[in-house]
Amino acid sequence: MTRQIDLNSDLGEGFGPWGMGDDATMLSLVNSANIACGGHASDPETMYQTLSLAAEKGVIVGAHPGYNDREGFGRRVIPMSPDEIERMVAAQIGALIGMAALVPVKVSYVKAHGALANLAARDRSVADAVVSAAKKVNPDLAILAISGTQLEEAARAAGSTVFSEIFADRGYQSNGQLVPRGQEGAMIHDANEAADRLVAFMETGLMPVIDGDPIPLAAHSICVHGDSDGAVEMTRVIRDRLSAAGVKLMGFIV
């Protein structure tokens, strides 16, 4: 096996004095960081500190916009029109770019968070709104999209650079979408189980699902959720197992 893959994580998801996860350690393990932009989490100081750590570690930076729903951590769909979603996403991307200018560090891509990402995965109008916001803020921003989804297709149709991701710690359905949180099989908590699945995926290109035969997915990056219990240990195990299998770990943007 000689393929290469990126490891990404959702970081900077604290707020004020409240922290979420071990960002400093995760930034020593991943290749790219999806940094919350003040919607589902974060604030100017949290953004600045996370961006500064990422720059120090040489980690690629992306904006991670989500619904303005800190109480629900962006995991609830908030009824909004596509135009409202476009404005919300643009505002959050702009906020992170503003903080990044103070570091300075480049914001290279956009990855939608939580319920917004899952809705954009299946609803083309929402996917188009996310892509349009990114493209209008900065045409050079790439889109990191859940593999095999409407967001991936919308980014390609708009002429944006698009990269596809799979999840280390989430279960899949046969339609390529993630198993909704709260349902059986939604989360993988065992690091070795997650690593076994990823090593097999890198060999075959097939992802196991809860409701049928494994499905083919494209992948430029693997996401490990930084807010999950045991995220650091899972990331270390995945890095070690993929490296031992001959997979080169490197950023999807160079």
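A salt bridge is taken here as a side-chain nitrogen of Lys or Arg within 4 Å of a carboxyl oxygen of Asp or Glu. By this rule the count comes to eight salt bridges, and Asp10, Lys111 and Glu165 are linked in a network of them. This is a predicted model, in which local features need pLDDT of at least 70 and side-chain atom pairs count only at pLDDT 80 or more, while totals for chains, interfaces and linings use all residues. Residues are numbered from 1 along each chain as its sequence is written, and side-chain values use heavy atoms, with hydrogens and water left out.

**First stop: the network**

Select Asp10 and Lys111. Their side chains meet in a salt bridge, with 3.1 Å from N to O. Asp10 belongs to strand β1 (residues 4-11) and Lys111 to the loop between β4 and α4 (114-122), so the pair ties together parts that are 101 residues apart in sequence. Helices (H or I, at least four residues) and strands (E, at least two) are DSSP runs, numbered from the N terminus. Are these two residues buried or exposed? Asp10 has 4% relative accessibility and counts as buried; Lys111, at 3%, is likewise buried. The terms are set by relative accessible area: buried is under 20%, exposed is over 50%, and partly exposed lies in between (1.4 Å probe, protein chains only).

**Second stop: strand β3**

Next, select residues 60-64, which form strand β3. Five of the five residues are buried, so the strand is largely enclosed by the rest of the structure. In a regular strand the side chains alternate between the two faces of the sheet. Both faces of β3 are covered, with Ile60, Gly62 and His64 buried on one side and Val61 and Ala63 buried on the other.

Two strands pair if DSSP finds at least two bridges between them. β2 and β3 pair in the parallel sense over five bridges, and Ser32 stands opposite Ile60 in β3. Strand β4 (residues 107-110) also pairs with β3 in the parallel sense, over three bridges; here Gly62 stands opposite Tyr109.

Select Asp43, in the loop between β2 (32-36) and α2 (44-57). The side chain of Asp43 does reach the backbone nitrogen of Thr46, at 2.7 Å. Setting aside neighbours within four places in sequence, Asp43 is in contact (heavy atoms within 4.5 Å) with Phe15 and Gly16.

Select Glu86 and Lys136, whose closest N and O atoms are 3.0 Å apart in a salt bridge. Glu86 lies in helix α3 and Lys136 in helix α5 (residues 124-137), so this pair ties together parts that are 50 residues apart in sequence. Glu86 is buried at 15% relative accessibility, whereas Lys136 is exposed, with a relative accessible area of 64%.

Then select Arg156 and Glu153, whose side chains meet in a salt bridge at 3.1 Å, N to O. The two are three residues apart in helix α6 (residues 150-157), and are separated by about one helical turn. Arg156 is partly exposed at 43%, and Glu153 is partly exposed at 39%.

Select the buried residues of α4, which are Ala115, Leu116, Ala117, Leu119, Ala120 and Ala121. They pack against α3, α5, β5 (142-146) and α6.

Finish at Thr161, in the loop between α6 and β6 (162-167). Thr161 is partly exposed, with a relative accessible area of 45%. Not counting residues up to four places away in sequence, Thr161 touches Ala142 and Ile143. Thr161 and Asp140 are 21 residues apart in sequence and 7.9 Å apart in space, C-alpha to C-alpha.

Note on methods:
Polar contact = N/O pair within 3.5 Å; in protein donor to acceptor, adjacent residues only side chain to side chain.
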